[in-house]
Structure formats: structure tokens, C-alpha cells
Amino acid sequence: MFLKNFLWGAATSSHQVEGNNIHNDWWAWEKEGRLKYLSGEATRHYELFDDDFQLAKQFNHNAHRFSIEWSRIEPKENSYDENGIHHYRQVIASLHKYALKPIVTLHHFTNPRWFAEAGGWLNPRAPFWFVRYVEKIVTALGDKVEFWLTLNEPMVLAYHGYLVGLWPPGERSVKKTWTVVHNLVQAHRLAFRKIYEIYQKNHWSRPQVGLAKEFVVFKVCPLYPTLGSHLGVFLRHRLFNLYFLERVRFFLDFIGVNYYQREFTSNQKLLGYGRLGGRCNKVHGHIEHLNAVGWDSYPLGLGEVLDWLKKYHLPIMITENGTCEDDDQLCFEFIRDHIGEVQNAMKRGINVIGYLYWSLLDNFEWHHGFGPRFGLVAVDYKTFKRTPRQSAYRLAEMIASALEP
Ligand code: BGC
């Protein structure tokens with residue numbers, strides 16, 4: 001069922017694993033005391049990447065998704081750090097050494113401080129600044145990379161940073177959120193074109209450019225199935241899942257799917273929910289089990305997402321899917337059941353080209369700090385020792401049997 005060239009692997013992002021990303025807006029945000037946690041040395045992946053990729057190889061992976069830290073490439077405006085660029089060339093060389101296909105994200109939530117101080121994604125020049133960096137880094141790495149992801153979860157970035165103010169820059173404004181979403185749309189489109197331009201100029205073979213888009217399966221609250229709750233589900237789906245995608249659909253070679261969870265939605269006024277409804281997973285307690293960050297496991301939802309995307313006639317890569325559980329057996333069941341849904345979707349004729357688990361390593365989980373453990377590999381944050389979990393080996397067995405002739 002899974003072809004030989006199906007991409008199997010895991011994902012990480014720079015700020016969550018590298019450590020010491022001192023030139024970005026998250027670092028500043030953490031230092032200002034806006035969070036209870038500091039990312040600090042994270043997992044020291046910046047030094048230990050080769051050991052980590054060796055583990056991925058042992059798990060039968062043939063691909064790996066990571067992100068470039070823009071603030072390491074351009075720590076000051078229009079001034080590039082050749083050491084930063086060299087580092088990522090080494091990262092990519094190490095991936096190739098272990099026969100792991102690099103899937104490179106150009107932006108995974110963090111921004112250089114100079115960019116943030118100049119207004120960040122609210123500044124109308126933001127897409128152009130982004131593309132200037134894209135040009136620099138893609139020119140430097142493109143000969144060794146086929147798969148690019150321009151942005152990670154643009155709606156999550158806009159939502160957390162500009163609507164609810166939980167992430168930098170801590171804004172709470174619908175108008176600003178809207179501006180940011182449109183600047184991100186433009187950034188994606190410009191980056192898509194720029195990557196093609198660079199590949200053509202250098203006579204490199206054709207790249208595959210996508211974005212990692214987040215999808216949540218919204219369901220009407222069974223305890224409050226009012227018309228308003230239905231409207232909430234409809235609006236959330238249109239805005240959160242489809243709005244961005246519709247605007248970039250002709251600028252994609254494939255769709256990256258980040259899928260984690262189902263969200264029950266109700267418009268119960270008592271809970272303060274408005275037209276868009278609110279998430280009532282916890283409030284009503286109608287889900288038996290929630291993971292360490294309060295998400296339930298709903299594998300069928302991944303199949304539903306893949307069905308929605310069929311109409312775009314584009315290959316689909318699962319760029320993130322994962323959970324954080326104290327009980328590793330539950331992690332394995334999560335993985336097994338979601339891959340099962342991928343397989344079912346493929347039987348329905350949907351073209352899925354890869355499955356990347358989030359995450360290879362335990363890591364800095366944004367405003368949750370180091371508590372939730374998403375890794376196939378456990379990290380001891382005192383010694384930085386890596387210990388693979390059983391789920392990593394069990395996934396490895398699944399991959400091996402999927403690849404059998
Ligand atoms: C993000 C990751 C994050 C993961 C788990 C995704 O939304 O891309 O950075 O760690 O979810 O919360």
C-alpha cells in the first residue's frame with residue numbers, strides 16, 4: 001500500500017530544540033518574563049543534531065522535517081551570518097549521510113528581533129523582508145533540498161500572537177489579526193515564486209514547495225447542539241481551516257497537513273462564547289481522555305481532513321501528527337490509529353506522500369514550556385541524554401513492514 005518512496009519521519013522546529021536562539025522574538029518574550037518558562041538550551045540539538053539523526057535512521061525513517069532559524073541567518077537587518085548558513089549546510093549534509101530526505105521549513109513561529117521591533121507581520125514590508133531571507137537561504141541550500149515548507153501554521157501564529165495575545169507580540173485585535181493573515185498569504189506566495197526562480201536560475205531540478213497548514217476537526221457539542229453551535233462550527237471551519245488555504249492554493253506543489261485533534265464547539269453564552277463558538281472539550285467533560293495539553297485523540301478526523309483536501313488535487317504530506325502522554329502505550333496507539341486512517345484515505349484514492357510524526361525529540365512546547373513530552377525520544381533536560389521510547393521502535397517496525405516488498 002505504501003510505496004517505497006513514501007516519506008517516513010519526524011519533525012522538529014529550531015526554537016523548540018536548538019537552544020540559545022538569542023536573536024529571536026520568543027527569546028525576548030521569555031526574558032521579559034511573559035512566560036513562566038525559558039527555552040534556554042532547549043535540547044541542545046544545535047550541537048547534537050548528528051546524534052539525533054542517527055537515532056532517526058535507527059527508527060527506519062527516510063525523511064526529516066526541521067526549520068531554519070531566520071534569526072540565526074539574519075540576526076541584524078540585511079546582514080547575514082555565514083556561520084548560521086554553514087550550520088544548516090552541515091545539518092543537511094548529516095541528513096543525507098543517514099539517507100534522510102530533508103524537508104525544510106523556512107518559518108516556524110519565531111522572528112528575528114529586528115523584524116519584530118519593526119512591527120513584525122503587521123508591517124506591510126514584512127512579506128518582502130521574509131522573501132529577502134528566503135532568497136538568501138534557498139540560494140545557499142537549494143542544491144541539496146527538494147522539499148520546502150514556507151510557513152508553519154500561519155493561522156495559529158496569527159491567532160496566538162495577534163488575537164489572544166498569548167505569544168509574541170501579545171496583540172489582541174481582530175483587525176491586526178486580519179492584517180497579519182493577509183501579510184502571511186503574501187509572504188507565502190512571494191516565497192513560492194522566489195524558490196522557483198532560484199531553482200530555474202541555477203538549473204536545479206524542480207523543487208516541491210508547500211506549507212504546513214493546521215487543521216482542526218470542529219464538531220458540534222453533543223450537550224449543546226443549538227443552531228448557534230452549528231454556526232460556530234461552520235465559521236470556525238471556514239476561517240481556521242480553509243480561509244488561508246483558499247488564498248494560496250495555486251501556489252502549492254503539495255499541502256502539508258498538521259493534524260492533532262478534534263474540538264467540540266458550543267455557543268453557550270454562559271461560558272462567554274460568541275458567534276464563533278468556543279472550545280468546550282474540558283468544560284463539558286464529554287471526552288474520556290485528554291492528553292497533557294488537553295487534546296483528545298480522534299484518528300477519524302485525520303481521514304476527514306484528507307477527504308476535505310481531495311478537491312485541491314494536490315499531493316498531501318502529513319507534516320505533523322503527534323501526542324504527549326505519560327503512558328507511552330497511548331502514544332503508540334495514537335500513531336498506529338492515525339497511520340491506519342492515512343492508509344484508509346489512500347485506499348479511497350487520496351494521494352498522501354508522507355507521514356512525519358511530531359516530534360523526534362521532547363522539546364520546548366511554547367507557552368507550555370518543557371512539561372508536555374511529544375518526542376519519540378525522551379530528553380533528560382539536565383544531562384541532555386536521549387532515551388528512545390518504545391513507541392519509536394514500534395513505529396520503526398510499522399515502517400519496516402510497510403516497506404516490505
Ligand atoms: C506546532 C508545533 C507544536 C505542536 C504541538 C504544532 O501546532 O507546529 O510547533 O509543538 O503543534 O503543540
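The largest pocket in this predicted model has a volume of about 1,300 Å³. Its lining consists of 49 residues, and those closest to the centre of the pocket are Val-156, Tyr-159, His-160, Phe-240 and Glu-263. Several elements give two or more residues to this lining: the helices are H8, covering 154–163, H9, covering 174–201, and H10, covering 227–248. The strands in that group are S5 at 208–220, S6 at 254–266 and S7 at 278–279. Helix H8 gives the most to the lining of the largest pocket, with six residues. By residue class, the lining of the largest pocket divides into 26 nonpolar, 15 polar and eight charged residues.

I turn now to the ligand. Which space does the ligand take? The ligand takes the space of the largest pocket. The residues around the ligand include Gln-16, His-108, Phe-109, Asn-152, Glu-153 and Tyr-260. Also around the ligand are Trp-295, Glu-320, Trp-358, Glu-365, Trp-366 and Phe-374. This shell divides into six nonpolar, three polar and three charged residues.

Let me describe some contacts in detail. A polar atom in the side chain of Asn-152 lies 2.9 Å from an oxygen atom of the ligand. For Trp-366, an N or O atom in the side chain is 2.9 Å from an oxygen atom of the ligand. For Trp-358, the distance from an N or O atom in the side chain to an oxygen atom of the ligand is 3.2 Å. How much of the ligand does the protein bury? Taken alone, the ligand exposes 310 Å², and the protein buries 93% of that.

Phe-109 is placed in the loop between strand S3, which covers 101–105, and helix H6. The phi of Phe-109 is near 75°, a positive value in a residue other than glycine. The peptide bond from Trp-358 to Ser-359 is cis, with omega near 15°. Ser-359 is found in the loop between strand S9, at 352–358, and strand S10, at 377–379.

The bond from Pro-168 to Pro-169 is cis, with omega near 10°. Pro-169 is found in the loop between H8 and H9. Both Pro-168 and Pro-169 are among the residues nearest the centre of the second largest pocket, together with Asp-25, Ala-116 and Glu-117. The second largest pocket has a volume of about 280 Å³ and is lined by 18 residues. At least two residues of its lining are supplied by each of helix H2 (25–31), helix H6 (113–117) and H8. Helix H8, then, contributes to the linings of the largest pocket and the second largest pocket. The lining of the second largest pocket divides into nine nonpolar, three polar and six charged residues.

How many cavities of 30 Å³ or more does the structure hold? The structure holds one such cavity. The largest cavity has a volume of about 70 Å³. Its lining includes Thr-12, Ser-13, Ser-14, Val-17, Glu-18 and His-45. Phe-53, Phe-66, Ser-67, His-87, Tyr-88 and Val-91 also line the largest cavity. Helix H1 (14–17), helix H3 (45–58), strand S2 (63–67) and helix H5 (82–97) each supply at least two residues of this lining. The largest share, three residues, comes from H5. The lining of the largest cavity divides into five nonpolar, six polar and one charged.

Note on methods:
Residues are numbered from 1 along each chain as its sequence is written. This is a predicted model: local features need pLDDT of at least 70, side-chain atom pairs count only at pLDDT 80 or more; totals for chains, interfaces and linings use all residues. Side-chain values use heavy atoms; hydrogens and water are left out. A residue is near a molecule or strand if one of its heavy atoms lies within 4 Å of it. A polar contact is a pair of N or O atoms within 3.5 Å; within protein, one must be able to donate a hydrogen and the other to accept it, and residues adjacent in sequence count only if both atoms are side-chain atoms. Accessible areas come from the Shrake-Rupley method with a 1.4 Å probe; for residues, only the protein chains shown count as cover. On a 1 Å grid over the protein atoms alone, a cavity is a set of points where a 1.4 Å probe fits but cannot get out, and a pocket is an open set with protein on both sides within 12 Å along at least five of seven lines; lining residues have an atom within 4 Å of a point. A molecule sits in a cavity or pocket if more than half of its atoms lie within 2 Å of its grid points. Ala, Val, Leu, Ile, Met, Phe, Trp, Tyr, Cys and Pro count as nonpolar, Asp, Glu, Lys and Arg as charged, and the others, Gly among them, as polar. Grid points are joined across faces, edges and corners, and a volume is the space filled by probe spheres set on the points. Helices (H or I, at least four residues) and strands (E, at least two) are DSSP runs, numbered from the N terminus.
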